[in-house]
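Subject: Structure handover

Hello,

Here is the structure I promised to pass on. Please open it alongside this message.

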Amino acid sequence: MIKLENISKKYGDHIIFDSMNITFDDENSLNGIIGKSGSGKTTLFNILFGLDNSYEGQYSIDDKNTKDFSNNVWDKTRKEDIHIVFQDFKLIDNFTVLENLILTLNCSVSSAEEALKKLNILEIKNEKVKNISGGEKQRLAISRAIIGNPKILLLDEPTGNLHSEQGRQIMELLKKLNQEEGMTIIQVTHSEQNAK
C-alpha cells in the first residue's frame, strides 16, 4: 500500500502540492493521475520513486515511513518493489533491443526475452534501438521495467510521444500486465482517456 499524507512541496514561492493526500491501497489496480504540464506530475513520481524527499508530510509504503529509509533500503525497494518508466525512456540507441535489457539490468537472456514477448516485441530483439519506432521504444522501456516482477509500476506519460493507435496499443498491454501479472500500475498523464 502506498499512502501520501499531507504532502506539501514548493520550489521557491511556487507551491506544487499543498497538503495533498492520496492512497493506493487496492493491490493489482490500474491508476491514472491526470494533470496539465507543469502541474507537478513528475515531481509526484520523483517522490514516489524516492528521488525527492524534500517535502513536508508523510509518504509510506506498507505502513513504513519512507523518510526513515536508508539509501540501501531505497535501493532494495527500487530493485524489488517499485520500477519506473521515464518519459524519455532512457534507452541506449547503439545497443540492440535485447542488449538494452541484459546489459543494463544484468539479467538472463531468457528473462529478457520473456519480458519482450509480453510486450509483443520479441521479433525485433536484434534491432538497434536507434532503428525502432517510438511505440517500440515505449514497449522496450516497459519490458525493462517489468523484469523482476515489481509490485508497483510507475509510468510517466506512457503514451505522450505516440500517435493515437500506438497509444491505444500501449494501454491495452498495460491492462493485460495489470490483470495477468498482478502489478499495481500508476501512470501520470494529461490524457483523460488514458486514465480511464
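Predicted model: local features only at pLDDT ≥ 70, side-chain atom pairs only at ≥ 80, totals over all residues.

Start with the open sheet. It has 4 strands in the order β2-β1-β4-β5, and the pairing is antiparallel. β2 and β5 are the edge strands, each pairing on one side only. Helix α1 packs on this sheet and touches β1, β2 and β4. The direction of α1 makes about 125 degrees with that of β1.

Now take the pairs in turn. Strand β1 covers residues 2-11, and strand β2 covers residues 14-24. The two run antiparallel and are joined by 7 bridges. Ile 7 has Met 20 in β2 as its bridge partner. Lys 3 is bridged to Thr 23 in β2.

β1 also pairs with strand β4, residues 56-61. Here 5 bridges join the strands, again antiparallel. Ser 60 stands opposite Asn 65 in β5.

The turns

Two hairpins are worth a look. The hairpin of β1 and β2 has 2 residues between the strands. Gly 12 takes a positive phi there, near 65 degrees. The hairpin of β4 and β5 also has 2 residues between its strands. Asp 62 sits in that turn, with a positive phi of about 50 degrees.

Helix α1

Is α1 buried or exposed? Of its 8 residues, 6 are buried, so the helix is largely enclosed by the rest of the structure. It spans residues 41-48. The buried residues are Lys 41, Thr 43, Leu 44, Phe 45, Ile 47 and Leu 48. Just after α1 comes Gly 50, with a positive phi of about 80 degrees.

Helices α3 and α4

Next, look at a helix pair. Two packed helices are described by the angle between their axes and the distance between the axes. Helix α3 is residues 97-105, and helix α4 is residues 109-118. They pack at an angle of about 130 degrees, and their axes are 9 Å apart. That angle makes α3 oblique to α4. The crossing of α3 past α4 is right-handed.

Which residues meet in this contact? From α3 come Val 97, Leu 98, Leu 101 and Ile 102. From α4 come Val 109, Ala 112, Glu 113 and Leu 116. The contact residues divide into 7 nonpolar, no polar and 1 charged.

A loop residue

Finally, find Asp 88. This residue lies in the loop between β6 (82-85) and α3. Its relative accessibility is 53%, so Asp 88 counts as exposed; the cut-off is over 50%. Asp 88 and Leu 101 are 13 residues apart along the chain. Their C-alpha atoms are separated by 16 Å.

That is the handover.

Best wishes

Note on methods
Residues numbered from 1 in each chain as written. Heavy atoms only, no water. Pairing = 2+ DSSP bridges. Buried < 20%, exposed > 50% of the residue type's maximum accessible area, 1.4 Å probe, protein only. Axes fitted to C-alpha atoms, helices over the stretch in contact; angles between N-to-C directions. Parallel < 35°, antiparallel > 145°, perpendicular 65-115°, else oblique. Left-handed = near helix turned anticlockwise from the far one by under 90°. Contact = heavy atoms within 4.5 Å. Nonpolar A, V, L, I, M, F, W, Y, C, P; charged D, E, K, R; others polar.
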